[in-house]
Amino acid sequence: MKYTKDDLNFLKARRAEQHVSTVSMQGKTCVISGATSGVGLEASKRLAKGGAELILVCRDAKKADNAASLLRNDHGAKVHVVTADFSCLDDVRRAAGQIREMTDSLDVLINSAGLHCTRRHLTRDGNELVFQVNHVAPFLMTMLLLDLLIKSPQGRIIQVNSEGHRFGGLNLNDLDWTKRPYMGLRAYGSSKTAQIMTVMVLSERLKGTGVTINAMHPGGVRTNIGNNNGILYRAWLRGIVWHFLKDAAISGEALYYLSNAEELAQTSGRYFFLTQDIKPMAHAMDEQVRAAIWEKTLSLTGLPFEFLNGAIGGQFSGQNGYRKT
Ligand SMILES: NC(=O)c1ccc[n+]([C@@H]2O[C@H](COP(=O)([O-])OP(=O)(O)OC[C@H]3O[C@@H](n4cnc5c(N)ncnc54)[C@H](OP(=O)(O)O)[C@@H]3O)[C@@H](O)[C@H]2O)c1
């Protein structure tokens with residue numbers, strides 16, 4: 001991997017004073033995945049406080065109901081819950097269908113559901129678990145809700161990404177780690193690199209629609225990420241790593257800013273460290289790999305290649321991504 005001077009920009013971004021927004025979200029509808037915990041929950045709290053109506057996409061119905069009650073009690077927010085396990089793409093399709101029945105337009109989509117695994121697992125769709133949950137499933141959710149975002153005066157999509165994209169690991173010939181020994185951090189890096197790349201491609205394709213899409217690193221914050229791993233990993237995380245992490249409220253505040261700041265109305269295809277617009281690592285900017293991962297991700301989701309033209313041309317059915325022609 002080659003390093004450039006820009007690759008250290010994250011150090012400056014971490015120390016920088018973060019932007020905040022006081023814009024009201026009254027009358028806005030936001031979908032947030034991974035809203036039961038950590039970054040997604042903090043973003044939901046901040047958006048609820050700002051007056052937004054929320055649709056929480058969560059895999060665990062009980063946890064989702066607890067989060068919804070908290071948001072209703074603390075902020076008087078209007079909150080709906082949709083369940084979907086991102087390790088199952090049919091769940092994502094069904095959840096997108098339910099959201100489409102709830103509303104005709106969407107103002108903000110935040111995909112925060114994600115995980116890090118120290119061991120390789122395959123989903124029933126046949127993908128490596130981290131790659132599917134962190135990249136393929138949020139991509140599919142985004143595509144299936146695209147026309148609702150286009151109907152908003154200024155739809156915004158934010159993919160919660162990570163500085164972990166710097167670990168690299170994306171290999172187009174081995175997305176599922178069958179040919180290499182599995183390395184958790186590199187698999188995580190692969191999923192986040194793929195996501196940054198598709199954010200960039202989609203932002204190009206969305207030009208002229210008014211919809212923006214950006215990736216963001218939510219800061220190094222204390223959440224439940226990694227809790228699915230073994231006892232030694234968890235002990236290291238809680239005993240050592242947590243001392244260097246911040247309260248996840250900063251992630252919620254940054255996502256609020258990215259959701260509504262007027263100065264970002266035209267900003268798309270960017271990577272933010274919290275609220276700081278920085279360059280991702282050089283390997284995430286490779287145009288050939290970017291085009292290939294876009295097509296590969298479309299094929300993993302079963303979406304046809306002409307999908308986006310259909311969405312923008314208004315011929316999009318949304319349920320399965322095929323044109324209505
Ligand atoms: N924490 C950090 O410092 C940090 C740094 C960089 C990037 N991030 C990113 O931030 C995002 C949120 O992570 P977090 O730190 O807030 O971790 P977290 O507290 O563990 O939250 C993760 C959320 O994702 C959900 N989730 C996990 N697997 C899922 C699946 N198969 N289907 C649907 N939902 C699933 C979890 O649901 P359950 O509650 O049911 O488990 C939870 O709501 C991730 O994309 C992560 O990569 C975090």
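**Figure 1. Helices and strands of the predicted model.** The protein has 10 helices and eight strands. Helices are DSSP runs of H or I with at least four residues, and strands are runs of E with at least two, numbered from the N terminus. This is a predicted model, where local features need pLDDT of at least 70, side-chain atom pairs count only at pLDDT 80 or more, and totals for chains, interfaces and linings use all residues. Residues are numbered from 1 along each chain as its sequence is written, and side-chain values use heavy atoms, without hydrogens and water.

**Figure 2. Confidence along the chain.** The average pLDDT, the predictor's confidence in each residue from 0 to 100, is 93 for the protein. At least 70 is reached by 93% of the residues. Over residues 313-325, the pLDDT is below 50. Where pLDDT is low, the predicted coordinates should not be read in detail.

**Figure 3. Valine 211 in its loop.** Valine 211 sits in the loop between α6 (184-205) and β6 (212-217). Is valine 211 buried or exposed? Its relative accessibility is 4%, so valine 211 counts as buried. Buried means under 20% relative accessible area, exposed over 50%, and partly exposed in between (1.4 Å probe, protein chains only). Of the 325 residues of the protein, 55% are buried.

**Figure 4. Partners of valine 211.** Neighbours within four places in sequence are left aside here. Valine 211 then contacts Leu149, Ile150, Gly155, Ile157, Leu206 and Ser268. Contact means heavy atoms within 4.5 Å. Phenylalanine 244 is 33 residues from valine 211 along the chain, and their C-alpha atoms are 36 Å apart.
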